[in-house]
Amino acid sequence: MSQVRIYRAADYPRTPWKNGAGSTQEIARDAGAGLEDFGWRLSIAAIGESGAFSLFTGYQRVISVLQGAGMQLQVDGLVSRPLQAFESFAFAGDSQVECRLLGAGIEDFNLIYAPHRYRARLQWLTLERPQRLFSSSATLLLFSACDGLEVRLDGAAGVTLGRYDCLQVECESGLVDMLVQAAAAGGCCLVELTPR
């Protein structure tokens, strides 16, 4: 058996960045309050101008552009490749990171997790046709980047996710069988988390 929870984009709380330069919509987390003590956290941030990222010492970060012209990061003095929509980039939370926008403002999708507490895997899926996914991870998070994403778990009745909605599945044992299809062209992100 699996426990399922749906997060709707309209309900995401907005919290200020650690450095005060912007704000984040928090999608979900495993524990903690504020910006501390969580094992993992998913969020969306609007970046309106180039500048520095907040520090999250003891955490690992994976960031992806959701929309906009993209960005380029300088991480501890090293410049990343240009990041376009649905391309991910990982870096340590205690790195000194400067973001340079490649055009106007962007929205990005963030996974922050404690690597001593969780193993994590993140992948973007393009849904030109239905896809069947299998996972034995303890926690699955399916984030929709499109409208009308249909998700069916273990052959049960399906649920529909809107743009930026998220489905969380807590797997008590065994293998989760997930069928995913989009009503129109679009994609989603699958995050798999397993406690260490």
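Accessible areas come from the Shrake-Rupley method with a 1.4 Å probe; for residues, only the protein chains shown count as cover. By this method the chain exposes about 9300 Å², and carbon and sulfur atoms supply 49% of that area. The model is predicted, so local features need pLDDT of at least 70 and side-chain atom pairs count only at pLDDT 80 or more, while totals for chains, interfaces and linings use all residues. Residues are numbered from 1 along each chain as its sequence is written, and side-chain values use heavy atoms, without hydrogens and water.

The chain has 19 strands and zero helices (DSSP runs of E, at least two residues, and of H or I, at least four, numbered from the N terminus). Its radius of gyration is 16 Å, close to the 16 Å that the globule rule gives for 196 residues, so the chain is as compact as a globular protein of that length (taken over C-alpha atoms; the rule is 2.2 Å times the number of residues to the power 0.38). Of the 196 residues, 47% count as buried, meaning under 20% relative accessible area with a 1.4 Å probe, protein chains only.

Strand β7, residues 71-75, is mostly covered, with four of its five residues buried. Five bridges pair β7 with strand β10, residues 97-101, in the antiparallel sense; two strands pair if DSSP finds at least two bridges between them. Within this pairing, Cys99 of β10 is the bridge partner of Leu73. Strand β8, residues 78-79, also runs antiparallel to β7, joined by two bridges, and Val75 stands opposite Leu78 in β8. The hairpin of β7 and β8 has two residues between the strands, and Asp76 there takes a positive phi near 50°.

Conventions
Buried means under 20% relative accessible area, exposed over 50%, partly exposed in between (1.4 Å probe, protein chains only).
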